[in-house]
Number of protein chains: 2
Amino acid sequence: MNKKTTIYDIAKELNITTSTVSRALSGFSAISDTTRQAVIETAKKLNYSPNRLASALKSGKTYIIGVIVPSVQAHFFASIIHSIEEGLKNSGYRVILYQSNEFVENEINGVKTLLEAQVDGIIASISLETEDVSHFAEVIKQNKPLLLFDREHADLKVPTVTLDDFKAGYIATRHLIDQGYRNIAFITTVHQIKVFNDRLNGYKAALKDNNLAVIADNIILGGLSIKDGRFGASKLMRNDIKPDAIIAGDDFTALGVIKKLKEINETPPKIGVIGFANEAFSAYITPDLSTIDQHPNQMGIECAKLFLKMIQQENPYQNVDHIVLEPSLIVRESTSNNAPS
Amino acid sequence: MNKKTTIYDIAKELNITTSTVSRALSGFSAISDTTRQAVIETAKKLNYSPNRLASALKSGKTYIIGVIVPSVQAHFFASIIHSIEEGLKNSGYRVILYQSNEFVENEINGVKTLLEAQVDGIIASISLETEDVSHFAEVIKQNKPLLLFDREHADLKVPTVTLDDFKAGYIATRHLIDQGYRNIAFITTVHQIKVFNDRLNGYKAALKDNNLAVIADNIILGGLSIKDGRFGASKLMRNDIKPDAIIAGDDFTALGVIKKLKEINETPPKIGVIGFANEAFSAYITPDLSTIDQHPNQMGIECAKLFLKMIQQENPYQNVDHIVLEPSLIVRESTSNNAPS
DNA sequence: TTGAAAGCGCTAACAC
DNA sequence: GTGTTAGCGCTTTCAA
């Protein structure tokens, strides 16, 4: 393994100094065309590859940004990461990934680790467990951009990219009402995350606006998963007054609900079911699933754009933008009630 | 924004030198307990956070490894990344992500970028487009671990973690034969990627072993996607002798096949359909989809383990391991033929 | 336009 | 057990 060539090697070869080489390579400083050409040629000849680390140490900019998400395994987050990476690539930024797996402890560690790696900023979606967010304070203190998406937190006064989740909950509910359903249940997580609270509030508002009662027994606070969906559905169907429609916190949960309903011969749309996220499978299950599209790719693109804006400012927090995307209702069989409304 | 504290600040505070501080913090060198304690306390007091960059520049180790995948949006790759990150986390390694989006050009750029970032090694799965792999040579030349998973390449003599794809193709085909299907078609990608070739060869071998002819018209070389599945299925169903079963290159393609077959009233298992990857949705579509599980999480874990092994060796390539995982057949409705075999 | 020189924060011989 | 010292590869004043 031969030693890697550095700007020093190039300088020696051309009998100039490293500063000149550095200038020639960086491209913007005042330098003669001939020197620049010579340097570039020699660099190529010697198979030179810059050491971004050294440059970063000196300049204080790594062009690496940290992304913290609960898990890449969720399609929603995977799509966002995909778009963030795409949107940042052309500006020279790379993405270092950290998964919290929904544990605060991992999240705390993630912030610490990323900061030690000297990332230029952090884009994050907080874990379900996260209540105290003081571990993010250091990012702000270092004047580095911190951007939250989807799952934000009231204590963190930073720019955000989110969905209008109140509206998401509202239109899901109103759609069911429009379809003639009258006793609508809601399965969501126990965790006090804004996203989920907003949806629940949207649900309640839609009920009220349509003179329907909000019934405590119709709201299941548990987890979000296929299993939780099955569980929630069984529980609901044991209510004195059974619901005629169920809103599930995400498409996976909705899947579990459908599974259960099919087993007990209440196959949707007999009982209406709608989810959130428009997962890849949602269009292909039977009955196919009505859902709310959360536009993850658009969200990722907005994150990238907003991040670039922040990082170009002297003070990234000089104006704290909150980008809110519109949810879209996707109607499929699982809510296609034929009953007169 | 106050200046970040460095080991120099700690040293000054305690009237010792930076080397002592460095030693105390790294924890292993000979140093008195009192000094160590004092340093650690002061570090905490001053809210010290190490600059890994400086350490990396000096030591040549960044503890960052690059992972190149076609796209995180595919659940298969997302799961692998998830496991790689998990498996490496405890050893202090972080993952920097690069997506090729199935383009060689991006892949070339990825290797270059990651090398410039001084990653300690690269774990990659090559793009569909990739034929020439010389862009990976530099990684090996720098004596850094290069590990390929799933999609490997004959020209790259590096350790690999793959599935026994020949077997995967074989057992998928044999399963269909066992179910009584006799005229089995195969939809796969045109690209010459080992994974897919192996599966095709497994398919052919299984046919031969069962005295069934390999019919050219039954093999569709195109793309892999829901759309390609629909397209492939229509094409196959226009053959003079229509197939009675279709093996699709992945679950998404299988989804498209099923969609098409349902439309023309040949709903599986009337015509058998099997896919590859066991995507999250596969168990929930109707009919639910038989498939081959490729154990992405196990694959990620093996990648992490093998990588750690490589990096601990003086010469990472002193023995070139090839870990091959066993595919598992998952039987569901889409191949549950009732016809006598 | 180019060179000299200092230094980013840390590590690691080598000396004592 | 601790200090001295040099330097990782690059950028960036300051001076020429």
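Over all chains, the count comes to 34 salt bridges, a salt bridge being a side-chain nitrogen of Lys or Arg within 4 Å of a carboxyl oxygen of Asp or Glu. The model is predicted, so local features need pLDDT of at least 70 and side-chain atom pairs count only at pLDDT 80 or more, while totals for chains, interfaces and linings use all residues. Residues are numbered from 1 along each chain as its sequence is written, chains are lettered from A in the order in which they are written, and side-chain values use heavy atoms, with hydrogens and water left out.

**Salt bridges within helices**

Side chains of opposite charge can pair when their charged atoms come close.

| Pair | N to O distance | Helix |
|---|---|---|
| A:K89 and A:E86 | 3.4 Å | α5 (residues 75–89) of chain A |
| B:K89 and B:E86 | 3.5 Å | α5 (residues 75–89) of chain B |
| B:K194 and B:D198 | 2.8 Å | α9 (residues 194–209) of chain B |

Helices are DSSP runs (H or I, at least four residues), as are strands (E, at least two), numbered from the N terminus. A:K89 and A:E86 are 3 residues apart, about one turn of the helix; B:K194 and B:D198 are 4 residues apart, also about one turn.

A:K89 is buried because its value is 17%, whereas A:E86, at 30%, counts as partly exposed. In chain B, B:K89 is buried at 18% and B:E86 is partly exposed at 31%. B:K194 is partly exposed at 38%, and B:D198 is buried at 18%. Elsewhere, salt bridges with shared partners join A:R52, B:K112 and B:E116 into one network.

**Charged patches**

Patches consist of residues with over 30% relative accessible area and no salt bridge, like charges being joined within 9 Å. A negative surface patch brings together A:E105, A:E129, A:E131, A:D132 and A:D155. Of these, A:E105 belongs to helix α6 (residues 104–116) of chain A and is exposed, at 61%. A:K259, A:K262, B:K259 and B:K262 form a positive patch. Helix α11 (251–263) of chain A and α11 (251–263) of chain B each give two or more residues to the positive patch.

**A covered strand**

In strand β2 (residues 94–99) of chain A, 6 of 6 residues are buried. A:R94, A:I96 and A:Y98 lie on one face, and A:V95, A:L97 and A:Q99 on the other. Strand β1 (residues 64–69) of chain A pairs with β2(A) in the parallel sense over 6 bridges, pairing requiring at least two DSSP bridges between strands. A:V95 is the bridge partner of A:I65.

Definitions and conventions: Patches are made of residues with over 30% relative accessible area and no salt bridge: like charges are joined within 9 Å, nonpolar side chains (Val, Leu, Ile, Met, Phe, Trp, Tyr) within 5 Å. Accessible areas come from the Shrake-Rupley method with a 1.4 Å probe; for residues, only the protein chains shown count as cover. Lys and Arg count as positive and Asp and Glu as negative; His and the chain ends are not counted. The place of a charge is taken as NZ of Lys, CZ of Arg, CG of Asp or CD of Glu. Buried means under 20% relative accessible area, exposed over 50%, partly exposed in between (1.4 Å probe, protein chains only).
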